[in-house]
Amino acid sequence: MDATRGSISSNSTQSTKDGIASLSEPFVLRHGRRCLRNVKNYPLPCDLPELQRQNLSTLLAASILGQPLGSTVDPANPPKKILEIACGSGYWSSICHDYLSGLGYDNVSFTGLDIVPLAGDLQRQGLDWKFVQHDLRNPPLPFSDGEFDIVMLRDLSVVIPLEESQTIIDESTRVLRSGGTLEVWDSDHTIRSILPHPPPPPGRNQQDYARALATGTFLISPSTPFTKVQNKYLQDTNNWIAEALDRCKLLSTPCTRISGILVQETEALCDVTNRRVAIPLGELRWEREAAAERNHPGKRRDSETTMLKKGCAASDNSALTEEQRALRYTALLLVIQLIESLEPRLKEVSGKNQEEWRVWWGYMMADLLEQKGASSGECLEIGVWWCKRV
């Protein structure tokens, strides 16, 4: 067996096939942010603020799902070895470990793979954890066939161009055991606005339906009514993000493509399932109006009307629980933080100089955070897909 494809024997291992081991200085400072030095087309920085954004994104998705796995653990055949590809800080492995431990599965080992070592010593947190340094764009992955029970791919839409994604899926499938689970988590990087519509009947997905009601989110189906984003600042960033990612050969709306990529793998993957969710970026006007009408049927006090126009809700008119408001505020923060992380590329495609960007940024922040400008259906869309290895 090739030594680079054998089992991992230490807490931190470097792949010798991709040349990463020779990089003594993998980072460079650009525009005041730490970035990967020799990685083309990766649009994001690689520093603490960006890692915190990624961790927050993982936490939000897990909170919406109610667990850090889309799939359900089979008690008769629980996972023993889990691989997190593009693991970053290893935060997903950490919360997945806690989740599985809570179910009584304590003997689960986790392996994280990334181009640079960013994760801390998770063994000190009680994880059976190993890190492998490898550029996943240079196949094969340094693991044996059928080595893992679960393989997690998170947010690869900002890492891998669409034409290269098939290779990553193939390699991820290769290192899965027969009957193992492949999970893909991602989010769209441009924003749409959801339109008022009655909730769909729970149907067969009663648990997902109940979770959406509890979290104040919307399950996305082919019949979910969307329109172009209404907020003028998010209209700007949509255009800039789409152009900036296109220059890197990356997709700004990956959630529309992932199902098709997985479904076509009929010889290797089966039972493809997904859950796509829209998280509003604030309390929606029609939700607030409905709550006001319930509390004051047939009329609305002048003070309430004024507050609604200003985007501020009286506490007794709020349609949301405290948890739902927190989830939506987190989604809004993630949108703002992504714009901030992409700032150098967005300034380039927008043609704005530093002063023009500073002024635009100030107006955007005031609109979104103070004036509640994202209350016309603007949503962050996330998706989770899972399937079995044949």
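Author: Happy to! Let's begin with the words: a helix here is a DSSP run of H or I with at least four residues, a strand is a run of E with at least two, and both are numbered from the N terminus. Please keep in mind that this is a predicted model.

With those labels in hand, go to the loop that joins strand S4 (81-85) to helix H2 (91-102), where you will find Ala86. Ala86 is not a glycine, yet its phi is positive, at about 60 degrees. Is Ala86 buried or exposed? Buried means under 20% relative accessible area. Ala86 has 17% relative accessibility, so it counts as buried.

You can compare this with Lys372, which sits in the loop between H11 and S13. Lys372 also has a positive phi without being a glycine, this time near 55 degrees. Its relative accessibility is 40%, which is why Lys372 counts as partly exposed.

Another loop to visit runs between strand S3 (33-36) and H1, and Cys46 lies in it. At 7% relative accessibility, Cys46 counts as buried. Cys46 and Gly88 are 42 residues apart along the chain, while 9.1 Å separates their C-alpha atoms.

Rolling a probe the size of a water molecule over the atoms shows where empty space is left. Searching the whole structure in this way turns up three cavities of 30 Å³ or more. The largest cavity holds about 610 Å³ of space. Which residues lie nearest its centre? They are Tyr42, Leu44, Gln54, Asp155 and Val158, out of 40 residues that line the largest cavity. Helix H1 (48-65) gives five residues, the largest share of that lining. H1, strand S5 (109-114), H5, H9 and strand S13 (378-389) each contribute at least two lining residues.

Take H9 (residues 322-341) from that list. H9 has 20 residues and spans 28 Å from first C-alpha to last, close to the 28 Å expected at 1.5 Å a residue. Its buried residues include Leu327, Ala331, Leu334 and Leu338. In helix H7 (residues 285-295), the buried residues are Glu287, Arg288, Ala291 and Ala292. Looking down the axis of H7, you would see these buried residues within an arc of 130 degrees, so they line one face of the helix.

H5, also on that list, takes us to the rings. The whole structure contains six aromatic pairs. One of them joins Trp240 and Trp357, which are tilted, with 45 degrees between the planes and 5.9 Å centre to centre. This pair connects distant parts of the chain, since Trp240 is in helix H5 (residues 232-247) and Trp357 is in helix H11 (residues 354-370), 117 residues apart. Trp357 also pairs with Trp361, and here the rings are stacked: 25 degrees between the planes, 6.5 Å centre to centre. Trp357 and Trp361 are both in helix H11, four residues apart, about one turn of the helix. Trp240 and Trp357 are both buried, and so is Trp361. Ring pairs join Tyr233, Trp240, Trp357, Trp360 and Trp361 into a cluster.

Notes:
Residues numbered from 1 in each chain as written. Predicted model: local features only at pLDDT ≥ 70, side-chain atom pairs only at ≥ 80, totals over all residues. Heavy atoms only, no water. Buried < 20%, exposed > 50% of the residue type's maximum accessible area, 1.4 Å probe, protein only. Arc of directions from axis to C-beta. Expected span 1.5 Å × (residues − 1). Phe/Tyr/Trp six-rings, centres within 6.5 Å; stacked < 30°, edge-to-face > 60°. 1 Å grid on protein atoms, 1.4 Å probe; cavity = no way out; pocket = protein on both sides within 12 Å on 5 of 7 lines; lining within 4 Å. Points joined across faces, edges and corners; volume = space filled by probe spheres on them.
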